Amino acid sequence: MALSEASEKSWDEPADRAAAGPLSSRKRPLAPPYVGRIARRPQQPPVPLSLAPGAVELTGPVFGTADVSPSDADLTRQHGGEPLGERITVGGRVLDGRGRPVRGQLVELWQANAAGRYRNRLDRHAAPLDPNFTGAGRALTDDEGRYRFTTVRPGAYPFPSAVHPNAWRPPHLHFSVFGSAFTQRLVTQMYFPGDPLLPYDPIWNSVPDARARERLVAVYDPELNEPEWSLGYRWDIVLDGPDATWTEEGR
Amino acid sequence: MTLPATPAQTIGPFHGTALPFPGGADLAPAGHPQTVTVHGRVLDGDGAPVPDALLEFWQAAPDGSLTGAPGSLRRDGGVFTGFARVPTGGDGRYALRTLVPGGAPYLALCLMVPGLVRHLFTRVYFRFPEGDPLLAALPPDRRATLLAAPEPGPHRSYRFDVRLRGTAETVFLRFGPARP
Ligand SMILES: [Fe+3]
């Protein structure tokens with residue numbers, strides 16, 4: 001786990017406006033939302049800025065085959081042997097708010113192994129590392145905005161704090177996505193459908209709007225299954241500028 | 001059609017083995033005579049350094065073009081791609097080697113910090129141009145947080161600290177309704 005997260009005691013601290021917004025919830029969260037480390041959270045509200053045509057942030061970096069090889073999207077083939085765990089295929093489309101595909105852009109994925117352990121110096125969870133699993137992958141979206149990864153289903157891992165000494169993170173994939181504009185940059189997490197840990201997860205609950213939280217949950221899609229090889233999960237990502245969360249709060 | 005956006009989540013503490021890449025900070029082509037260094041620290045509200053934060057820079061080329069180029073993740077040392085990704089070390093320090101942009105004289109900066117629920121945007125100005133709408137809207141003391149300070153010495157180097165909270169808190173941005 002996440003000792004560095006656990007040591008923050010962040011849930012003891014009052015939630016800020018974004019974290020404590022009105023819940024239009026169909027599912028009541030069973031855990032207080034993660035509000036992060038107070039000392040790192042800006043006190044001043046972000047300064048609103050309407051970007052004029054030509055502004056730097058209305059464009060963004062471009063990536064191509066010089067950056068990503070097709071094999072980078074298969075996390076099960078990065079070592080001499082096969083990783084342990086249930087093989088999954090995760091795919092979907094990256095779209096902008098108008099439903100247009102985001103083409104040729106970079107999607108990055110990182111995750112714990114099947115036992116719930118990251119190959120990372122900060123992870124001290126007493127679960128085994130897998131010598132055949134690093135847990136990082138990259139893909140480019142195609143002309144329809146589609147991405148696709150092959151990996152293993154990550155395990156849950158403990159995420160204790162003073163308020164929740166026995167909390168666990170539900171299995172999740174971390175995603176980093178670029179849009180056609182730098183304003184669309186997105187870092188987020190994908191969850192698995194039907195997970196009983198979700199309502200108890202402070203991180204999932206840090207998204208104040210219940211419908212928005214649901215958009216972080218993939219659907220099982222047999223069309224994405226690779227026959228007799230992997231289970232398919234579909235997860236579409238919609239980039240709508242950087243302020244999706246704050247916008248929803250006002251609704 | 002309007003699709004509701006996918007919400008952001010914390011980057012968490014474990015991205016370090018996935019996102020940083022070799023040469024991420026070397027935006028200037030190798031040996032370029034106009035190379036400048038932008039360096040500084042990411043600090044929290046107590047003045048403590050923030051390790052394992054990730055700074056992503058996007059900028060115009062010296063000729064002002066914003067087209068960028070592929071190749072950031074596997075740099076060949078010859079192409080200016082416009083994009084850099086720089087993690088902070090244990091002391092909260094980062095250093096970017098780049099070229100001063102043409103046109104609008106700033107770097108767009110996206111900052112991802114463990115312990116924050118979402119990423120932050122700001123700008124790094126090499127100078128304050130006349131008529132810049134953002135700068136015009138800020139009081140002078142807040143405006144100053146966006147300026148990379150030139151440092152004395154033979155090397156062209158600029159200091160830019162990010163203060164996440166408290167005294168001299170960096171101005172962070174929220175982009176308005178304008179869409180690409
Ligand atoms: Fe995680």
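Me: What is the relative accessible area of Ala168(B)?

Reply: Burial is read from relative accessible area: buried is under 20%, exposed over 50%, partly exposed in between (1.4 Å probe, protein chains only). Ala168(B) has 45%, so this residue is partly exposed. This is a predicted model, in which local features need pLDDT of at least 70, side-chain atom pairs count only at pLDDT 80 or more, and totals for chains, interfaces and linings use all residues. Residues are numbered from 1 along each chain as its sequence is written, chains are lettered from A and ligands numbered from 1 in the order written, and side-chain values use heavy atoms, without hydrogens and water.

Me: Where does Ala168(B) sit, and what is its phi?

Reply: Ala168(B) is in the loop between strand S9 (162-163) and S10 of chain B. Helices (H or I, at least four residues) and strands (E, at least two) are DSSP runs, numbered from the N terminus. Phi of Ala168(B) is near 60 degrees, positive in a residue other than glycine. Glu228(A) lies in the loop between strand S10 (219-220) and strand S11 (231-234) of chain A. Glu228(A) counts as exposed because its relative accessibility is 84%.

Me: Now the metal. Which residues coordinate the iron ion?

Reply: Look for donors: N, O and S atoms within 2.8 Å of the metal (3.2 Å for Na, K and Ca); water is not among the atoms, so sites may look incomplete. Here they are Tyr118(A) (OH), Tyr157(A) (OH), His172(A) (NE2) and His174(A) (NE2), at 1.9 to 2.2 Å. Along the chain the spacing is Y-x38-Y-x14-H-x1-H. Tyr118(A) is in the loop between S3 and strand S4 (136-140) of chain A, and Tyr157(A) is in strand S6 (residues 157-158) of chain A, so the pair ties together parts 39 residues apart in sequence. Tyr118(A) is buried at 2% relative accessibility. Tyr157(A) is buried too, with a relative accessible area of 2%.

Me: Why is the arrangement of the 4 donor atoms irregular?

Reply: Four donors are tetrahedral if all angles lie between 85 and 135 degrees; four are square planar and six octahedral if opposite donors are over 155 degrees apart and all others between 65 and 115; anything else is irregular. Around this iron ion the angles run from 88 to 158 degrees, which makes the arrangement irregular.

Me: Which polar partner does the side chain of Gln189(A) have in chain A?

Reply: A polar contact is a pair of N or O atoms within 3.5 Å; within protein, one must be able to donate a hydrogen and the other to accept it, and residues adjacent in sequence count only if both atoms are side-chain atoms. The side chain of Gln189(A) makes one with the side chain of Arg169(A) (3.0 Å). The Gln189(A) side chain also reaches the backbone oxygen of Thr10(B) at 3.1 Å. Gln189(A) is in strand S9 (residues 186-191) of chain A, and counts as buried because its relative accessibility is 0%.

Me: How many residues of each chain are in contact?

Reply: 73 residues of chain B are in contact with 87 residues of chain A. Buried area is the accessible area (1.4 Å probe) that two parts lose on being put together, summed over both. Between chain B and chain A it is about 7100 Å², with 59% from carbon and sulfur atoms.

Terms used: Contact means heavy atoms within 4.5 Å.
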